[in-house]
Amino acid sequence: MLLPVIAVLLTSTHQNSAISSDGLHLSWGPEFASVYGRVLTEKAGFSQTITAGGMALNSTVMALGFSLGKCLLSVLSAYALVYFRLRFASFLFWLIFASLLLPIETRILPSFQVVHTLGLLNSYTGLVLPLLAAAMGTFFFRQFFKSVPDELVEAARIDGAGPLRFLVDILLPVSVPMVLALFAVTFVLGWNQYLWPLMVSTTGEGYFTLVRGIERFGTATNYGMALAVLAMLPPALVVLLLQKWLVKGLVGEHK
């Protein structure tokens with residue numbers, strides 16, 4: 001699994017002429033500092049205004065907004081469905097869950113029309129906002145909240161804890177593994193988004209993400225491979241740093 005990644009990393013440190021003549025390399029080359037330094041700082045594209053560093057910043061904003069927004073909405077929607085006496089709560093839940101059948105690719109044209117009408121094209125809000133609905137997160141948090149003992153709810157009520165205090169002081173601390181697991185998964189999904197940033201960044205390159213920019217700015221083979229390596233690093237680091245919480249959240253170990 002790691003061999004293609006290693007091959008791309010090592011090949012990106014060689015001159016483009018050596019790659020063209022010899023293909024992929026499995027040895028460290030002499031051009032690491034030159035290639036990655038130019039990729040991170042050199043302005044490229046039609047407008048000559050965007051760098052890989054700028055695209056990485058856009059990707060970070062999108063991935064963090066995507067993951068934090070999904071976590072917040074998932075917790076609040078699941079909390080309302082489980083602990084409030086809503087009419088047709090089950091129907092509302094299954095309606096939310098059915099949205100899993102409609103990923104952004106299937107509703108991209110109406111979503112684009114809404115974003116265009118609201119004047120959110122070429123903005124961070126336009127990149128993040130239409131992707132925040134989180135049926136998967138709502139499902140997992142709903143199942144977890146339903147497993148919380150009723151005695152805990154009664155004890156909080158006797159202590160005079162209101163809905164907000166019960167959520168913040170009791171439910172959220174015991175939900176940390178779930179929150180971090182969902183954050184890791186959605187950060188990777190947000191970082192790797194390609195089609196939606198392609199649609200929203202219509203009039204300029206200032207809001208290009210790193211994944212979006214690989215095909216536009218990776219004109220030389222070694223530069224393209226260097227961009228691919230940079231695009232892989234942040235999601236890989238997030239998963240590695242949160243892997244313990246990711247496993248706990250997915251297997252339901254919440255003690």
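Predicted model: local features only at pLDDT ≥ 70, side-chain atom pairs only at ≥ 80, totals over all residues.
**Getting to know this structure**

Reader: What makes R212 a neighbour of Y194 and L198?

Author: R212 touches Y194 and L198, leaving aside residues up to four places away in sequence. Residues are numbered from 1 along each chain as its sequence is written, and side-chain values use heavy atoms, with hydrogens and water left out.

Reader: Why is R212 called buried?

Author: R212 has a relative accessible area of 4%. Buried means under 20%, exposed over 50% and partly exposed in between (1.4 Å probe, protein chains only), so R212 counts as buried. You will find R212 in helix α13, residues 210-217. A helix is a DSSP run of H or I with at least four residues, a strand a run of E with at least two, and both are numbered from the N terminus.

Reader: What makes the contact between R157 and E154 a salt bridge?

Author: The side chains of R157 and E154 come to 2.9 Å, N to O. A salt bridge needs a side-chain nitrogen of Lys or Arg within 4 Å of a carboxyl oxygen of Asp or Glu, so this pair qualifies. Both residues sit in helix α9 and are three residues apart, which means about one helical turn between them. E154 is partly exposed, with a relative accessible area of 41%.

Reader: How many salt bridges does the structure hold?

Author: There are two. R165 also pairs with D169, and their closest N and O atoms are 3.4 Å apart. R165 and D169 are four residues apart in helix α10, about one turn. R165 is partly exposed at a relative accessible area of 47%, and D169 is partly exposed at 47%.

Reader: What makes a group of residues a nonpolar core?

Author: A nonpolar core is a set of buried Ala, Val, Leu, Ile, Met, Phe, Trp, Tyr and Cys residues joined through side-chain atoms within 4.5 Å. The largest one here has 41 residues, and V39, M55, F141, F145, L171, W191 and L210 touch the most other members. At least two residues of this core come from each of α3 (32-41), α4, α8, α9, α10, α11, α13 and α14 (221-241). Apart from this core lies another, of 13 residues, including M62, F66, L120 and L132. In soluble globular proteins, nonpolar side chains tend to be buried together.

Reader: Which residues does F141 touch?

Author: Not counting residues up to four places away in sequence, F141 touches S74, V75, A78, S175, M178, V179 and L182.

Reader: How do you know what lines the largest pocket?

Author: On a 1 Å grid over the protein atoms alone, a pocket is an open set of points where a 1.4 Å probe fits, with protein on both sides within 12 Å along at least five of seven lines, and lining residues have an atom within 4 Å of a point. By that rule 19 residues line the largest pocket, with K70, L100, P103, R107 and A133 nearest its centre. Two or more lining residues come from each of α4 (52-83), α8 (135-146) and α11 (176-191). The largest pocket holds about 460 Å³ of space, a volume being the space filled by probe spheres set on the points, which are joined across faces, edges and corners.

Reader: What is the make-up of the lining of the second largest pocket, by class?

Author: Eleven lining residues are nonpolar, one is polar and four are charged. Nonpolar covers Ala, Val, Leu, Ile, Met, Phe, Trp, Tyr, Cys and Pro; charged covers Asp, Glu, Lys and Arg; the others, Gly among them, are polar. The second largest pocket has about 340 Å³ and 16 lining residues, of which Y79, Y83, V153, R157 and F166 lie nearest its centre. Helix α9 gives the largest share, five residues.

Reader: What makes the phi of F88 worth a look?

Author: The phi of F88 is near 60°, a positive value in a residue other than glycine. Most residues other than glycine have a negative phi. F88 lies in the loop between α4 and α5 (89-98) and is exposed, with a relative accessible area of 58%. N122 also has a positive phi, about 55°, without being a glycine, but N122 is buried at 17%.

Note on methods: Contact = heavy atoms within 4.5 Å.
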